[in-house]
Structure formats: C-alpha cells, structure tokens
Amino acid sequence: MDSAAFNDPSAARALIDKIAGLAARLPEVRLMEVCGTHTMEIGRLGIRQLLPGNVRLISGPGCPVCVTPAAYIDAAVELALSREVRMATFGDLFRVPGNRRSFAQAKAAGADIEVVTSPRAALDGARKSPRQVVFTAVGFETTTPATAAVVKAAAKEGLRNLSFFVAHRLVPPAIDALMADPSIRIGGFLLPGHVSAIIGADAYGTLVGRGVPGVVTGFEALDILAGICSLLDLLVAKEVAVKNNYPRVVSARGNPAALRLMEEVYEPEDAVWRGIGMIPRSGLRLRKEFAAYDASVRFGLKPDGVEVPRGCSCGSVLKGVIPPEECLLFGEACTPENPVGPCMVSSEGSCAAAFRYGGRP
Ligand code: SF4
C-alpha cells in the first residue's frame, strides 16, 4: 500500500464517525500517546480537534531528549569544555538546556562539539582523528541497537579514542511507572510503533496486569485514527488487551537480532528521567566487558539530580498531568526560539508540538 492509501480522506471520515459512535458510549476517557513522533503527527494533522469532547489525547514521556537529565547534559558539557575530547551528539540534543549551558552554548564558548546523525558517524570520526571522541548515547529502544552495534565494532577494532556516554532509556518501565502513579489517570495507551518494532507488541504485558488496554500504532493519519478507534473499542467492550495495529512493521516478539545485540552490550539499571525522577530498571549501562568504551568510567562522569529549570513544568507535562498550555511560561517566556525546558526544544517535545500546532480548541 502506498502512503496515499494511509491518508485516504473517505477512510479517515469513516474512522472519525466510528470514533464518535464509540465515544458516545463512554464517559470522559484520557488516552496517552507515549511516543513523541505520535505527538508531532497528532498535532500536525489536527487530530485532537477532530475528536469528540469526552476523548482527550494526552502526550506522554516519549521524547528521548526531553527526559535526558539536565545533570547528564551538565557533565557532558563540562567534559567538552575541558578541551580533552570531541563530543559527538545528535542535533536534537544540541540546544537542550542543562543547568548551566547547552551544547550549543558550550560550542560557542570554544568546546569541540560535532552534530552527528548516527553513532556510526562518531565511529568514522574517531577512525579519522587522533582526538578522543565521546558519543552521547541517548534515545529509546529505537536507537539503542545502533549504538550497541557501534560499541561492538569499536571493541572489535580495538579503537582507543572512542567512548560512549550512555543515557539510553527503556519505554515499558516508564509506562509501568505512570500506571503506578495514582495522580495520573490514563484509560488507554497508544503505544509507539518504532520502539515496538524492536521490542515487540508482547513487551507491554504489565499494562494488562494493571487493567489498562494498549494499541501499538503506526504514524500515518489512518494509523493514528484506527489506533484511537481500537482503543475505544476495547474500552467499550471492557476488554483489557494489547492489540497490535501495526503488523506491517511490528511483530509480537520484536526484532530478535536487535534484542540480542542490546542484551550483549547493555544491562538494565535504575535511571533518572528528567522531570519525572528515578524509574527502576528503566535505563541501560554498558556491560563490564565494554567498560573500556564507557565514557563515565574513562572520564569519571557521575551525573545525578532531577533538576528542571525554574518555572518549567516539563515533569508534569511529560507525565500527562497538565497540557503544555497550562505551564505559566508556555508561549511567553518559553518558545522554540528561546526554550526554557527540553519539551520546547526537541522536535518531538510536547510543548514544541503544542506551540507549533496548537492544542485543543
Ligand atoms: S512550556 Fe517551556 S517551561 Fe513550560 S513545561 Fe514546556 S518546556 Fe518547560
């Protein structure tokens, strides 16, 4: 099927009508889209504005840059400013504020910081230059296997001037933490298509244990509308299940090669999510066999703390407790040009999406 078929207006109309019919049989429902790419697409397509008044779509913590702790950025920026290393980082992380400076500000102050599009580019850079290169390894399960492959490649080559400052995060423990928080009332989850392609639809078993349905959803207009429709269907039927609406990309068990690679290179650890706090076994660290490539070991980096900038409500936004527009700084003191918090910087941040596309009318 070509992409036009996933955006067919008459099919969209039929789904919108079906959503309205299902919603009429329900009280107010709060559905969370966990993934930042869903947040951006829902905003861009105006899907919130198409939904009945009692169906609320809440954005969740699925923007990897937004949940990367400020203390991590501080430690990386400090190392970059020491002039000991070249820092290789994704463009999304470049402008995210730490407690003191962002990478962009550190670069302006003379730090050697290169924006790269993949960990492979950092590997290539280390091969070509005698400089110590440190790659800022952030992201969810979608990006983790690519970093793991490069860690293994560097180890195989015996490369001595490349290391990885790892702040990878795992999505299922974060969903579980949200469900365990009584202040967050979510009736169902639109589950992330990209992450699920790696971990598989079966990875969300704890949702069922907590009595909440979920639907793995793709990113085209019809995918998202069909995902909402399926969630409402489950709610009307009072059925608690995780449904895979994205079988053209996601299988039940995920990508075995990618999962093996992650298992080989990383082990889980308790990790801090910016604005949210510590979530048990929600982060990854390099296994001891790869300690020579661990920047936190090589340079003694110890980021800790859960700080957010003064006045920034990113924590409540990321947990779906408030919509971005309810932050007092939204659109005034905090804009994409002058971001205060990470949710306004990232191309997948909830605040950036709300600023760009507007929220609920
Ligand atoms: S609008 Fe800005 S300050 Fe407010 S929560 Fe979003 S990123 Fe933080």
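Biologist: What relative accessible area does Phe135 have?

Modeller: This is a predicted model, in which local features need pLDDT of at least 70 and side-chain atom pairs count only at pLDDT 80 or more, while totals for chains, interfaces and linings use all residues. Residues are numbered from 1 along each chain as its sequence is written, and side-chain values use heavy atoms, with hydrogens and water left out. Buried means under 20% relative accessible area, exposed over 50% and partly exposed in between, with a 1.4 Å probe and protein chains only. Phe164 is buried at 1%, and Phe135 is also buried, with a value of 0%.

Biologist: At what angle do the ring planes of Phe135 and Phe164 lie?

Modeller: Rings of Phe, Tyr and Trp (its six-membered ring) pair if their centres lie within 6.5 Å, and planes under 30 degrees apart count as stacked, over 60 as edge-to-face and the rest as tilted. By this rule there are 6 aromatic pairs. The centres of Phe135 and Phe164 are 6.3 Å apart, and the pair is edge-to-face because the planes stand at 75°.

Biologist: How many residues apart in sequence are the parts that this pair of Phe135 and Phe164 ties together?

Modeller: Helices (H or I, at least four residues) and strands (E, at least two) are DSSP runs, numbered from the N terminus. Phe135 belongs to strand E5 (residues 132-139) and Phe164 to strand E6 (residues 162-168), so the separation in sequence is 29 residues.

Biologist: How are the rings of Phe219 and Tyr246 arranged?

Modeller: Both Phe219 and Tyr246 are buried. Their ring centres lie 6.2 Å apart with the planes at 80°, so the arrangement is edge-to-face.

Biologist: Which residues form one aromatic cluster with Phe90?

Modeller: The pair of Phe135 and Phe164 has already been described as edge-to-face. Together with Phe90, one aromatic cluster is formed by Phe135 and Phe164.

Biologist: How much space lies in the largest cavity?

Modeller: On a 1 Å grid over the protein atoms alone, a cavity is a set of points where a 1.4 Å probe fits but cannot get out, and lining residues have an atom within 4 Å of a point. Grid points are joined across faces, edges and corners, and a volume is the space filled by probe spheres set on the points. The structure holds 1 cavity of 30 Å³ or more, and the space in the largest cavity is about 90 Å³.

Biologist: Which residues of the lining lie nearest the centre of the largest cavity?

Modeller: The lining divides into 11 nonpolar, 2 polar and no charged residues, where Ala, Val, Leu, Ile, Met, Phe, Trp, Tyr, Cys and Pro count as nonpolar, Asp, Glu, Lys and Arg as charged, and the others, Gly among them, as polar. Of the 13 lining residues, those nearest the centre are Cys312, Cys314, Cys327, Cys334 and Cys351.

Biologist: Where does the ligand sit?

Modeller: A molecule sits in a cavity if more than half of its atoms lie within 2 Å of its grid points. The residues around the ligand, each with a heavy atom within 4 Å of it, include Leu329, Phe330 and Met344. By this criterion, the ligand's place is the largest cavity.

Biologist: What is the phi of Lys238 near?

Modeller: Most residues other than glycine have a negative phi. Lys238 is found in the loop between H12 and E9 and is exposed, at 74% relative accessible area. Its phi is positive, near 55°.

Key:
On a 1 Å grid over the protein atoms alone, a cavity is a set of points where a 1.4 Å probe fits but cannot get out, and a pocket is an open set with protein on both sides within 12 Å along at least five of seven lines; lining residues have an atom within 4 Å of a point.
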